[in-house]
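Please keep the sequence and the model in view while reading.

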Amino acid sequence: MTDVRQDALKIAQKAIEAVLPENAVEAALRGEAFSARARSGGRIVLTAIGKAAWRMAKAAADTLGDRLDGGVVVTKYGHSNGPIKGIEIFEAGHPFPDENTIKGTARALERVSGLSAEDTVLFLVSGGGSALFEKPREGITLDDLVGVTDQLLACGADIVEINTIRKRLSSVKGGRFAQFVAPAHVFSVVLSDVLGDRLDSIASGPAYPDGSTSADASRIVEKYGLSLSTVLQEALEKETPKSLTNVTTVITGSVTALCKAAEREAAALGYTPLLLTTMLNCEAREAGAFIAAMAKEIRLSGNPASPPCALLLGGETIVRLKGKGKGGRNQEMALAAAFGIKGLADTVVISVGSDGTDGPTDAAGGVVDGGTIGRLADLGLDAEALLADNDSYHALDACGGLVKTGPTGTNVNDLTIVLCR
């Protein structure tokens with residue numbers, strides 16, 4: 001199954017390469033909407049946040065040259081690739097904000113304060129920005145934010161629910177960053193990592209009117225039984241901006257583009273591609289069991305496609321933490337799928353995060369085939385126990401199933417591929 005596995009890895013790699021942000025940022029800055037702002041003669045100051053912030057900022061600096069009046073990048077540890085002329089770079093924590101998050105955000109706010117209506121804040125936004133761009137509201141501490149985020153991640157809340165809470169605890173999220181820089185105009189270039197490209201949720205929408213309400217936040221607290229202090233509860237009751245007049249937004253990439261690129265590469269390798277969804281949003285283990293069932297159906301009946309074929313799914317699953325192991329949603333999905341495809345020849349499942357990091361690990365995701373469960377058994381490992389302990393990382397590491405790409409410089413959700421040959 002080596003050849004099929006290599007094909008799966010190649011499709012994933014080529015798909016991610018197709019959604020790197022450089023070309024999209026350059027196109028946005030050469031478009032008429034931004035060109036009109038640039039011709040106004042005011043200052044252009046950059047703020048870039050998220051896992052793709054460095055690459056987006058580098059593209060902007062290369063495109064604008066001396067027209068850019070400096071700025072700040074705040075990205076995840078290990079996601080910057082050296083200095084950018086005139087740009088200050090901060091690396092900070094993800095998925096939990098840390099002291100460097102606060103420092104980087106504070107410096108970004110300093111750089112965009114006191115601007116006039118003729119000036120433009122070039123705001124480059126990518127996934128991960130919620131953790132990486134933060135100034136807590138008055139009375140709220142960094143420990144408060146980390147504690148709430150930890151509860152939300154552990155209970156299985158989805159990204160929209162998580163960001164609905166985060167926005168109300170922040171002085172920069174939920175449209176408040178755009179309010180802060182007014183009367184300057186915000187030209188926002190967004191790399192989407194939220195299903196349906198919901199702009200008020202990508203990086204918690206610092207420069208976009210918030211479509212969620214305090215009532216929504218209250219329902220989320222009740223739904224998951226969150227434990228919140230009085231200060232946090234009071235912050236959730238304060239409403240976020242519902243309209244902004246100083247913002248222009250351009251979306252430059254999404255999970256749809258990721259999946260379309262995977263379709264093209266699969267076809268080039270001789271597989272008939274079938275895109276099932278770009279909106280996958282369920283428990284990782286459930287998704288793994290479902291795609292394994294699809295693979296078995298293909299082998300049994302040739303439905304919904306006959307080999308050689310590639311089933312493609314984009315989106316973002318969740319993991320409900322019940323054990324104490326190490327892993328991420330893509331690794332957990334792959335390991336769960338391995339049980340269902342056990343014994344199937346020429347059948348491979350790969351699931352990866354487009355940013356190159358899956359959960360709090362150094363892996364982008366996992367790849368499994370019909371022999372994965374057998375190899376784990378030969379090593380004396382109990383695959384079911386490892387999955388139950390949320391320990392997909394060590395299970396996949398033991399049998400050569402981890403996919404490690406390193407930080408990719410982009411972030412447009414996850415890609416799952418089922419290859420049958």
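## Salt bridges

A salt bridge here is a side-chain nitrogen of Lys or Arg within 4 Å of a carboxyl oxygen of Asp or Glu. The model is a predicted one: local features need pLDDT of at least 70, side-chain atom pairs count only at pLDDT 80 or more, and totals for chains, interfaces and linings use all residues. Residues are numbered from 1 along each chain as its sequence is written, and side-chain values use heavy atoms, with hydrogens and water left out.

The whole structure holds 29 salt bridges. Side chains of opposite charge can pair when their charged atoms come close. Arg107 pairs with Glu110, with 2.8 Å between the closest N and O atoms. Both residues sit in helix α5 (residues 99–112), 3 residues apart, about one turn of the helix. Helices (H or I, at least four residues) and strands (E, at least two) are DSSP runs, numbered from the N terminus. Arg107 is partly exposed, at a relative accessible area of 25%. The classes are buried (under 20% relative accessible area), exposed (over 50%) and partly exposed in between, using a 1.4 Å probe and protein chains only.

A second pair lies in helix α4 (residues 53–64). Asp62 and Lys58 form a salt bridge there, at 2.9 Å from N to O. They are 4 residues apart, so about one helical turn separates them. Asp62 is exposed, at 55% relative accessibility. Lys58 is partly exposed, at 28%.

Arg329 forms a salt bridge with Glu316, the closest N and O atoms being 3.3 Å apart. This pair links distant parts of the chain, 13 residues apart. Arg329 belongs to helix α14 (residues 329–340), while Glu316 is in the loop between β8 (309–315) and α14. Arg329 is partly exposed at 25% relative accessibility. Glu316 is buried at 16%.

Shared partners also join salt bridges into one network. Its members are Lys167, Arg168, Arg198, Asp200, Asp210, Glu239 and Lys242.

## The sheet around β8

Six strands make an open sheet with mixed pairing, in the order β7-β8-β12-β9-β10-β11. β7 and β11 (402–403) stand at the edges: each has a single partner strand, so one side of each lacks a neighbour in the sheet. Two strands count as paired if DSSP finds at least two bridges between them.

Strand β7 (residues 272–280) runs parallel to β8, with 6 bridges. Thr277 has Leu313 of β8 as its bridge partner. On β8's other pairing, strand β12 (residues 414–420) is antiparallel, with 7 bridges. There Cys309 is the bridge partner of Cys420 in β12.

How many residues of β8 are buried? The count is 7 of its 7 residues. Both faces are covered. One side carries Cys309, Leu311, Leu313 and Gly315; the other carries Ala310, Leu312 and Gly314.

## Helices at the sheet

β7, helix α13 (residues 284–301) and β8 form a right-handed β-α-β unit. Right-handed means that, with the strands pointing away from the viewer, the path from the first strand over the helix to the second runs clockwise.

Helix α14 lies across β7, β9, β10, β11 and β12, at about 10° to β10. Axes are lines fitted to C-alpha atoms, for helices over the stretch in contact, and angles run from 0 to 180 degrees between N-to-C directions. Contact means heavy atoms within 4.5 Å.

## Helix α8

Helix α8 (residues 159–168) is mostly covered, with 8 of its 10 residues buried. Among them are Ile162, Ile165, Lys167 and Arg168. The buried residues pack against α6 (129–132), α7 (142–155), α9 (176–181), α10 (214–224) and α11 (230–236). Asp158 caps the N-terminal end of α8, with a side-chain oxygen 3.1 Å from the backbone nitrogen of Val160.

## Thr357

Thr357 lies in the loop between β9 (347–353) and β10 (365–369). Thr357 is buried, at 12% relative accessibility. Its side chain makes polar contacts with the side chains of Lys76 (3.4 Å) and Asp355 (3.0 Å). A polar contact is a pair of N or O atoms within 3.5 Å; within protein, one must be able to donate a hydrogen and the other to accept it, and residues adjacent in sequence count only if both atoms are side-chain atoms. Neighbours within four places in sequence aside, Thr357 is in contact with Lys51, Lys76, His79, Ala363 and Ala364.
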